[in-house]
Amino acid sequence: TASEAAPATKTKEQEELLAKTAADKVQSIQTCENKANASFEIAELRAELLNATTMLNEQDSSLKGCDLDKKELESSLQGKAKEGEVALARNAELESELAKSNEEAKNKLEIQGEGEAVL
């Protein structure tokens, strides 16, 4: 019986060793699968980050374009304002000249009227 127990124990030890080895391999495969899944998720996140970065860069570029447009508009408005100021000053000069001319014409008419009254 002792000789029969030794091979049975040996076989049992071998089975336990095989079971442990199989469990270790299953664990190793699961670890590899987890790493592969994590790598895939990381790649997806990187792609999303790249897309988001691209969108932000496009928006930034668009905003810079708006800033340039705004500066051009402000410069144009300043130019128009200066033109308006010049036009207003010229208008004031013309109004002054017109008032003088009207006064002179009125004076001439009064003098002419007095001359006719004398005759």
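These legends walk you through a predicted model, one close-up at a time. Residues are numbered from 1 along each chain as its sequence is written, and side-chain values use heavy atoms, with hydrogens and water left out. Because the model is predicted, local features need pLDDT of at least 70 and side-chain atom pairs count only at pLDDT 80 or more, while totals for chains, interfaces and linings use all residues.

View 1. Helix 1 covers residues 2–118. Of the 119 residues in the protein chain, 0% count as buried; buried means under 20% relative accessible area, exposed over 50%, and partly exposed in between (1.4 Å probe, protein chains only). The chain exposes about 10,900 Å², and carbon and sulfur atoms supply 58% of that area. Accessible areas come from the Shrake-Rupley method with a 1.4 Å probe; for residues, only the protein chains shown count as cover.

**View 2. Asp24 pairs up with Lys20 in a salt bridge.** Side chains of opposite charge can pair when their charged atoms come close. To count as a salt bridge, a side-chain nitrogen of Lys or Arg must sit within 4 Å of a carboxyl oxygen of Asp or Glu, and the count for this model comes to 3. In this one, the closest N and O atoms are 3.3 Å apart. Both residues lie in helix 1, 4 residues apart, or about one turn of the helix. Asp24 counts as partly exposed because its relative accessibility is 42%.

**View 3. Asp60 and Lys64 make another salt bridge.** Their side chains meet at 3.4 Å, N to O. Again, both partners belong to helix 1, 4 residues apart, about one turn of the helix. Asp60 is partly exposed at 36% relative accessibility, whereas Lys64 counts as exposed at 51%.

**View 4. Glu93 forms a salt bridge with Arg90.** The closest N and O atoms are 3.3 Å apart. The two residues lie in helix 1, 3 residues apart, about one turn of the helix. Glu93 is partly exposed, with a relative accessible area of 42%, and so is Arg90, at 41%.

**View 5. Glu103, Glu104, Glu110 and Glu114 form a negative surface patch.** Patch members have over 30% relative accessible area and no salt bridge; like charges are joined within 9 Å, and nonpolar side chains (Val, Leu, Ile, Met, Phe, Trp, Tyr) within 5 Å. Glu104 sits in helix 1.

Conventions
Lys, Arg positive; Asp, Glu negative; His and termini not counted. Charge placed at Lys NZ, Arg CZ, Asp CG, Glu CD.
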